[in-house]
Amino acid sequence: MPSDEIAHPVNLPVELLPDEPALPKGEEGTALCLSGGGYRAMVFHLGALWRLYEAGILGKVMRISSVSGGSIAAGALALAWQNLSFQGDVKRDFVPHVVEPVRSLARRTIDRRAIITGSILPGSIADKVTSAYDKHLFHGATLRDLPDQPRFVINATNVQSGALWRFSKRYMRDWRVGEVPKPGLLLARAVAASAAFPPVLSPVTLKLESRDFTPASGKDLQREPFTTKVLLTDGGVYDNMGLETAFKRYRTVLVSDGGARLPAQEKPKQDWARHAFRVLNLIDNQVRSLRKRQLIAAFRDGLRKGAYWSTWTDPREYGVDLPLSCPPERTRELAEIPTRLKRLSDEQQERLINWGYAVCDAGLRAHLDAPPALPKGFPYPEVGV
């Protein structure tokens, strides 16, 4: 076996493609994964990014892979990248360029309006969501406006091929359908596809030309209609933590998980539509839970280095000093915020940012070879978590 490959473990948190008989050893460097979870995840990730910036880690990340709500935060970070000094002065550049624009979006409910207007006016629901993202956050930016380094990868799911569809500055691609080099697609459209929560915000349609694709770049589906009308849904349908485009490439992987847990139901609905929806959510929840367990096992087995934290994490399990008070009953309230693009109050936002900051800090200090120093306090100390 080549020296740059690792024997194929039975349970990996990512899928190896037919031409990947073994897990690559990976490049030296760090990748950051931002999960889905609507506005809850988007704002929670702001706290994690804040701590990573402050600790001197964010500026050294080689790849940022995101899905769904994580892609909204990642898109804002990407556009602000050139304005960040990475010198630790968080309030001078990180807060005005990243935190405040995302918080401004989080003060607006865009899913309900998009559903109503997309149902009665010309244009789809996905078109309305795209317009909202573009108006309030991305302001006409395209994938070509992403930085060259780090590589930002925004992930969606191709409904037709069943594979991951990835957007980046260099290309957008599906390993089965092929690759479109240097796409001029609106960043808002890519984020809308990544965050197209089914069933109401999905699908997002990309109308392309077969000639847009690099010849022979797809495995088995590089033909019409796969290359001319691409139907995409939420990236979390395929991989809710954004691992696929990061785990195989880099040896250190940091994962911020703002996803939800499936709530219990005392009296599940028994009509076929709502019962089927509940069962599908059960299946989805089990798949996500399995992927998380496989990720943790990969860390423990030494296949990759890194850290994982989530809205549901109990930071006491990390076994490190916890200078920031995070009562479980308070953090559980935040973890149970619905997965929506629905307005969050300023207090909810600040608590979510504080929680993302605190649990990211604990995860980093527990698992990194060179952990950061203890934090001095919450970003918003007056509200706690």
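**Close-up 1. Leu52 in helix H1.** Leu52 sits in helix H1, which spans residues 38–54, where helices (H or I, at least four residues) and strands (E, at least two) are DSSP runs numbered from the N terminus. The model is a predicted one, in which local features need pLDDT of at least 70 and side-chain atom pairs count only at pLDDT 80 or more, while totals for chains, interfaces and linings use all residues. Residues are numbered from 1 along each chain as its sequence is written, and side-chain values use heavy atoms, with hydrogens and water left out. Leu52 counts as buried because its relative accessibility is 1%, buried meaning under 20% relative accessible area, exposed over 50% and partly exposed in between (1.4 Å probe, protein chains only). A distance of 20 Å separates the C-alpha atoms of Leu52 and Thr331, which are 279 residues apart along the chain.

**Close-up 2. The largest pocket.** This pocket has a volume of about 1,600 Å³, and among its 49 lining residues Ala260, Asn281, Asp284, Arg288 and Thr339 are the closest to its centre. On a 1 Å grid over the protein atoms alone, a pocket is an open set of points with protein on both sides within 12 Å along at least five of seven lines, a cavity is a set of points where a 1.4 Å probe fits but cannot get out, and lining residues have an atom within 4 Å of a point. Grid points are joined across faces, edges and corners, and a volume is the space filled by probe spheres set on the points. Helix H9 gives the most to the lining of the largest pocket, with 12 residues.

**Close-up 3. The second largest pocket.** About 790 Å³ of space lies in the second largest pocket, whose 28 lining residues include Gly306, Ala307, Tyr308, His367 and Leu368 as the closest to its centre. Strand S11 (250–257), H9 and S12 each supply at least two residues of this lining, and S12 gives the most, with five residues.

**Close-up 4. The largest cavity.** The structure holds one cavity of 30 Å³ or more, and the largest cavity contains about 80 Å³ of space. The largest cavity is lined by Glu15, Leu17, Ala163, Leu164, Arg166, Trp175, Tyr238, Glu244 and Lys248.

**Close-up 5. Val287 in helix H9.** Val287 lies in helix H9, which covers residues 272–300, and Val287 is partly exposed, with a relative accessible area of 48%.
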